[in-house]
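Here are my notes on the model, point by point. Please read them with the structure open.

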Amino acid sequence: MDVSDIARKLSLDNNKLLIRKAAEVRRLCDAQFDSSIIGVGEICKAVICLEIAASRLQIIFDRQAAIKLSGMSEKAYSRSFNSLQNVIGIKIKLNVRELAVQFGCVRIIKSVQNVLSSYKERFLASLPASRRANADFTRPVFTAAAFYLCAKKQKLKVDKLRLIEVCGTSESEFSCVSTSMTDLCFDCVGISKEKKDAKDVKGNRDLLDVLPGKRRLEDGGYSSDEESSCYKRHKKMEEAKYEDWKSTVVNSIKQNPEKGTKRVIQASLNFPKKSETKELQVDS
């Protein structure tokens with residue numbers, strides 16, 4: 001399907017510049033590699049090229065309608081979009097201020113900038129001198145990861161999938177950069193998780209106190225005297241229950257002696273033997 005047909009179905013056929021730009025992107029994509037290798041058909045490729053051209057020209061693009069027209073799921077479309085964009089070498093320029101306005105987190109702009117500068121310094125310091133010149137921090141995934149971690153640090157809700165979609169990267173790359181940034185800049189974006197002690201939780205203490213044999217001392221150890229006393233107490237309780245049951249049975253027998261001494265005798269069945277049956281047949 002031609003790019004102009006896709007543009008007409010998306011109500012973008014009036015913008016001739018957009019159609020020419022999308023056709024140019026498609027020719028570049030065809031020259032670079034075969035898109036069928038990554039599972040992108042011709043229709044989906046035309047839709048993606050049209051969206052790339054719209055993003056470059058800053059034209060409003062209905063992505064949900066484009067996904068429906070491509071015949072792919074939203075996740076598969078986003079993956080194909082990122083793959084094509086990376087292959088043809090189109091880089092997305094991601095500004096921290098625009099990102100903060102888009103997600104409603106204006107107050108973390110300064111924090112994101114500080115995290116990016118700290119991460120760049122510490123990452124370069126960890127590399128050998130021969131590799132420092134090849135380090136590239138201009139990719140939008142670094143800005144997106146710093147933005148997400150700062151928002152998480154200040155307990156602000158940010159749609160992670162939408163952020164990945166905006167920066168044009170994959171989930172695996174985003175997770176890798178986020179992990180690296182957390183390790184190097186833990187003092188800026190790290191979140192300390194305090195694990196509660198089991199003795200401080202009331203519910204756990206109640207469960208431990210139900211069974212006397214499992215009860216602990218405040219110092220976390222067991223006392224041999226307490227353990228033996230618990231065992232003796234439990235044994236006495238069992239003996240008392242047995243004595244009560246025994247006395248109940250004995251009293252019931254004393255009150256009804258006939259019921260207690262009467263035995264049930266099973267009646268015997270006398271069947272005639274084979275010889276007797278033959279004699280009876282002869283006599284008859």
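A crossing is left-handed if the near helix is turned anticlockwise from the far one by less than a right angle, and right-handed if clockwise. Helices (H or I, at least four residues) and strands (E, at least two) are DSSP runs, numbered from the N terminus.

1. Basis. This is a predicted model, in which local features need pLDDT of at least 70 and side-chain atom pairs count only at pLDDT 80 or more, while totals for chains, interfaces and linings use all residues. Residues are numbered from 1 along each chain as its sequence is written, and side-chain values use heavy atoms, with hydrogens and water left out.

2. Overall make-up. The chain has 15 helices and zero strands. It has 284 residues, of which 28% count as buried. Buried means under 20% relative accessible area, exposed over 50%, and partly exposed in between (1.4 Å probe, protein chains only). Contact means heavy atoms within 4.5 Å. Take the contacts between residues at least 6 apart in sequence: 64% of them join residues at least 24 apart.

3. α3 and α5. Helix α3 spans residues 42-56 and helix α5 residues 74-87; their axes come within 10 Å and cross at roughly 65 degrees. That makes α3 roughly perpendicular to α5. Axes are lines fitted to C-alpha atoms, for helices over the stretch in contact, and angles run from 0 to 180 degrees between N-to-C directions. Angles under 35 degrees count as roughly parallel, over 145 as roughly antiparallel, 65 to 115 as roughly perpendicular and the rest as oblique. The α3 and α5 crossing is right-handed. On the α3 side, C44, K45, V47, I48, E51 and I52 make the contact; on the α5 side, Y77, S80, F81, L84 and Q85 do. By class, the contact of α3 with α5 has seven nonpolar, two polar and two charged residues. Here Ala, Val, Leu, Ile, Met, Phe, Trp, Tyr, Cys and Pro count as nonpolar, Asp, Glu, Lys and Arg as charged, and the others, Gly among them, as polar.

4. I43. This residue also belongs to α3. I43 is partly exposed, at a relative accessible area of 36%. Its C-alpha atom lies 8.2 Å from that of D2, 41 residues away along the chain.

5. α4. Which residues of helix α4 (residues 63-70) are buried? They are R63, A66, I67 and S70. They cover an arc of only 100 degrees around the axis, which puts them on the same side of α4. The arc is that of the directions from the helix axis to the C-beta atoms. An α-helix has 3.6 residues a turn, so residues three or four places apart point the same way. The buried residues of α4 pack against α3, α5 and α9 (160-167).

6. α8 and α10. Helix α8 (residues 140-153) packs on helix α10 (residues 171-184) at about 60 degrees, with the axes 9 Å apart. The two are therefore oblique to each other. Their crossing is right-handed. From α8 come V141, F142, A144, A145, A146, Y148 and L149; from α10, E173, F174, V177, S178, M181 and T182. By class, this contact has 10 nonpolar, two polar and one charged residues.

7. α6 and α8. Helix α6 (residues 96-103) packs with α8 at about 45 degrees, the axes 11 Å apart. That makes α6 oblique to α8. This crossing is right-handed. V96, L99, A100 and F103 of α6 meet T143, A144 and F147 of α8. The classes are six nonpolar, one polar and no charged residues.
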